[in-house]
Amino acid sequence: MLPYGKQSITEQDIKAVNRALRSDWLSGGEEVAAFEREFAEAVGAKEAVAVSSGTAALHAAMDAIGIKAGDEVIVPTITFAATANAVVFQGGIPVFADVHSGTLLLDALDVEKKITKKTKAIVAVDFAGQPCDYEALYVIAERHNILVIDDACHALGAQYHKRPIGSLAALNIFSFHPVKPITTGEGGMVTTDNEEWAKRMRQFRNHNMNREAQESPHDWFYAIEDLGYNYRLTDFQCALGRSQLQRAFDRTKRRQKIATLYDNFFVSLKGFSPLEVVKDCQHAYHLYVIRMDLHMFSADRNTVFDALRAENIGVNLHYIPVHLHALYRKKFGTAEGMCPNAEEAYRTIMSIPMYDTLADKDIQDVFTAFRKIHAFYKVQ
Ligand SMILES: *Cc1c(COP(=O)(O)O)cnc(C)c1O
């Protein structure tokens, strides 16, 4: 089965981890600081803070900007649940905004409709690796004096108007889960130009232990003034991250090439169409998502999905709109009808194999399976 996404580990990666394992520091050592420095530089940010997952990175960001009980944060409903959950961790209220049906990126007009006196921030998700419309989002954010945060978990390697993702928003979130653009097994990063926030997040990932507290008379002293967590990333994971980072942008280029091959193929296969690509951006293609025109087939998406799996094409679905999950219905009263574009897309989308080590013959296998299924289910 060709999976929808896959990590790539080289001998160089393994050597880097080995070196870190033989060093004196398995956690809290120099690899962490070096990974942070190199990552910040790679995305054009002043600061990068390494944490144990993308989810922890989102949580640290919510804490840094002071999200607390009753605060509202606008999130797109087409995202991984962690984007919204991080707001809930802090006692905040995630308010779901709809997406554009062509791109599945946050719809700025719907965002503005959902702003209230309690709104503190907007989380933009660069879905599939494609940057959101930051120009539009910033106009709204400035008008209402709220912050823009970028959940860039899909988007390492992407660019918006020639600026790298990771340098655009007040805080930018990355995940190093194995399917993501680079991996540390599990891991995450927040980038920012705000040194205060960076300092706060470095404390937050370590139980909010403040070693520089005023009253600190001794080396061993630390003050705990607020709740923190153990969100540390180990040195051997950071060693892997540093090694992975060196190849990150070459891997983006290979995925962009694969995307071009897919784009050309789907032009000739009526009934399936890739998501729209916006102008003046570099798409990082963490995912390659297609939509089915249900009128052109005698089967629904689920049937076609299962048929592709039966052909060993490991299609997947990104995402179940978060506002439809039972947790959010129960706790926040969300319901069907709140984000119609997302709900409509949910019936027609699927993600097909997209990763840099996908070989040309694998791509031919994807094409063969699609041709077969298209011929079988298309309406005559
Ligand atoms: C993967 C992902 C996360 C969570 O990252 P983890 O490292 O798995 O905790 C958050 N948001 C989005 C959009 C993601 O894809």
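Reader: How does the lining of the second largest pocket divide by class?

Author: Sorted by class, the lining of the second largest pocket has 8 nonpolar, 11 polar and 3 charged residues. Here Ala, Val, Leu, Ile, Met, Phe, Trp, Tyr, Cys and Pro count as nonpolar, Asp, Glu, Lys and Arg as charged, and the others, Gly among them, as polar. A pocket is found on a 1 Å grid over the protein atoms alone, as an open set of points where a 1.4 Å probe fits, with protein on both sides within 12 Å along at least five of seven lines; its lining residues have an atom within 4 Å of a point. This is a predicted model, in which local features need pLDDT of at least 70 and side-chain atom pairs count only at pLDDT 80 or more, while totals for chains, interfaces and linings use all residues. Residues are numbered from 1 along each chain as its sequence is written, and side-chain values use heavy atoms, with hydrogens and water left out.

Reader: What volume does the second largest pocket have, and which residues are closest to its centre?

Author: A volume is the space filled by probe spheres set on the grid points, which are joined across faces, edges and corners. For the second largest pocket it is about 310 Å³, and of the 22 lining residues Phe80, Ser175, His177, Lys180 and Tyr319 are closest to the centre. Helix α3 supplies the largest share of this lining, 3 residues; helices (H or I, at least four residues) and strands (E, at least two) are DSSP runs numbered from the N terminus.

Reader: In which pocket does the ligand sit, and how many residues surround it?

Author: The ligand sits in the second largest pocket, as more than half of its atoms lie within 2 Å of the grid points. Around the ligand are 15 residues (each with a heavy atom within 4 Å), the closest being Gly54, Thr55, Asp151, Ser175 and Lys180. In this shell, too, α3 gives the most, with 3 residues, and the classes are 5 nonpolar, 8 polar and 2 charged.

Reader: Which polar atoms of the protein lie at the ligand's oxygen atoms?

Author: A polar contact is a pair of N or O atoms within 3.5 Å. A polar side-chain atom of Ser175 lies 2.7 Å from a ligand oxygen, a polar backbone atom of Gly54 is 2.8 Å from one, and an N or O atom in the side chain of Lys180 is 2.9 Å from one. Taken alone the ligand exposes 380 Å² (Shrake-Rupley method, 1.4 Å probe), and the protein buries 93% of that.

Technical notes:
A polar contact is a pair of N or O atoms within 3.5 Å; within protein, one must be able to donate a hydrogen and the other to accept it, and residues adjacent in sequence count only if both atoms are side-chain atoms.
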